[in-house]
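Please look through the sequence and the model that follow, and then read the paragraphs below beside them.

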Amino acid sequence: MKVIKPAKTEKEILVSVSQEADKRVIQQSITEKAEANVDHLCGCNCKC
Amino acid sequence: MFDIPEESKTILYNTLYGSLILLEKSEKEEALKIFGNAQNPCFLDNNDVCTVLLDQKFIVNDEIDEFAIINNRKSMGISDPNRLDVILIPTLDCNFTCKYCYEDHVPSQMSDNTENSLVKWLENEIPKFKFVLIHWFGGEPLLKLNKVLSISKKIQHIADKHDVTLSNQITTNGYLLSKNCIKKLTDSGIFNYQITLDGSKRHHDTLRVLKSGKPTFDIIFKNIVTLAEFNENIKISLRVNFNHTNFESITELLTLFPDNIRKQLRVVFEPIFGNCTINAVDNIDNEALSQSLAGYYLIAQKSGYDIVFGLSHTYTGKLVNCYAERINQYIVNYNGDIYKCSVNKFTGGDRVGYIDAVGEFIKEPGTYTKWIQLDHFEEKCLKCQYLPLCMGGCKKMRIENQSTGSICNLVPTNTSFLLKQIAVSGLNNHLIKEVQ
């Protein structure tokens with residue numbers, strides 16, 4: 001049995017939204033989660 | 001749990017905590033026995049498989065309320081006190097008439113008065129945060145380049161004054177990105193771009209055309225290369241909106257860009273949605289779509305492009321389903337109206353408020369309250385094993401469907417296939433590292 005990825009702790013998961021988070025941590029989280037761009041959908045609702 | 005028949009092994013993936021383990025055949029049988037026998041705790045037998053399952057949180061004590069954990073993540077994500085997200089729409093007008101666009105492109109532009117009100121509002125808001133994300137959106141924002149530059153300069157000044165980190169992005173069709181324009185934008189601190197090419201030239205030029213009907217591929221392609229080569233710190237999200245007509249041309253598109261700029265291009269494939277006959281969901285089989293997408297992302301990765309999550313914006317530790325759920329997120333239209341979701345015609349109906357002349361955000365009681373007070377999850381989400389990865393689906397669709405649970409965002413990506421890909425990609429990354 002091999003652990004490929006260990007379980008994350010809640011502290012790790014919530015680090016970027018904690019009061020103590022520094023800017024570098026917040027930026028890293030945004031980059032890792034690809035949140036820098038508007039993740040909008042593209043579509044048409046014309047019902048044609 | 002997914003078997004890898006060719007290796008006689010099994011992957012076990014924990015959607016809540018992200019743990020990923022590889023089991024031999026005998027260990028899989030042991031794990032199944034343990035999972036099937038909750039009445040007799042395995043740790044009493046000093047069992048190795050059990051120890052790993054406990055350590056990696058595949059087995060947890062009865063008193064741990066895992067739904068409360070998910071609920072807390074979502075609450076924390078919604079109320080995130082550290083960042084402000086503002087999407088600015090300097091105009092709803094556009095030089096394109098893309099076949100699938102949901103917006104009505106009316107001639108419009110942000111007036112100087114609205115710009116002044118916006119800046120006053122930002123002078124109050126920005127100092128409250130550590131990090132500010134400004135996204136330029138439209139319409140086509142570069143039709144009002146001077147407005148983008150003027151406001152960007154003022155926002156940079158406010159951020160500098162209060163020692164707040166600022167990150168600027170722009171979503172543009174890329175047609176007007178001349179070298180001169182690129183220089184002005186980068187001088188204003190805009191280094192992140194989202195530009196769409198819908199497959200190869202032949203396919204793109206049927207979906208994304210100028211108002212005159214003329215093709216756009218060649219100019220956009222040339223501009224993307226110029227943009228990337230202008231400064232190596234520029235990042236471009238290369239977006240491909242696909243349906244049955246252009247899906248298979250994605251591979252061809254990926255061969256076109258020069259090697260030296262590929263690491264600056266992050267590819268994102270998005271199905272065209274909606275009730276229209278050209279949507280992807282009704283025209284491509286789910287399984288085929290999922291498998292092909294996984295293949296395209298793999299090709300992109302091997303070809304030197306940047307990819308993030310591969311199949312979907314799904315990862316362990318997701319806090320909200322979408323940026324629009326964050327309480328400190330706003331879309332400011334050219335006229336000062338405020339919205340939450342960018343999939344909108346911006347004609348007033350979904351407006352959650354507006355910025356008044358003195359820079360105050362005046363809330364629209366009905367729509368704002370409905371948006372903010374909606375339950376975190378639908379009833380049926382509470383029973384879904386994918387909830388920690390999805391975090392409840394599209395809020396706008398949920399409101400439109402009166403919280404009936406009839407909308408699921410994981411469609412059309414085919415949930416079981418999606419999950420398998422997440423697990424397998426985690427395994428592959430590990431194997432790649434081991435080889436290195």
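**The sheet and the chain contact**

In chain B, an open sheet of 10 strands with mixed pairing runs in the order 9-8-7-6-5-4-10-11-12-13, where strands (E, at least two residues) are DSSP runs numbered from the N terminus and two strands pair if DSSP finds at least two bridges between them. Its edges are strand 9 (265-271) and strand 13 (361-363) of chain B, each of which pairs on one side only.

This is a predicted model, in which local features need pLDDT of at least 70 and side-chain atom pairs count only at pLDDT 80 or more, while totals for chains, interfaces and linings use all residues. Residues are numbered from 1 along each chain as its sequence is written, and chains are lettered from A and ligands numbered from 1 in the order in which they are written.

Turning to the two chains together, 60 residues of chain B are in contact with 34 residues of chain A, contact meaning that the C-beta atoms, placed from the backbone, lie within 7 Å. On the side of chain B that touches chain A, the largest share, five residues, comes from strand 3 (residues 20-24) of chain B. That strand 3 of chain B also pairs with strand 1 (residues 2-5) of chain A, in the antiparallel sense and over three bridges, and Val3(A) stands opposite Ile21(B) in strand 3 of chain B.

How values were computed: Helices (H or I, at least four residues) and strands (E, at least two) are DSSP runs, numbered from the N terminus.
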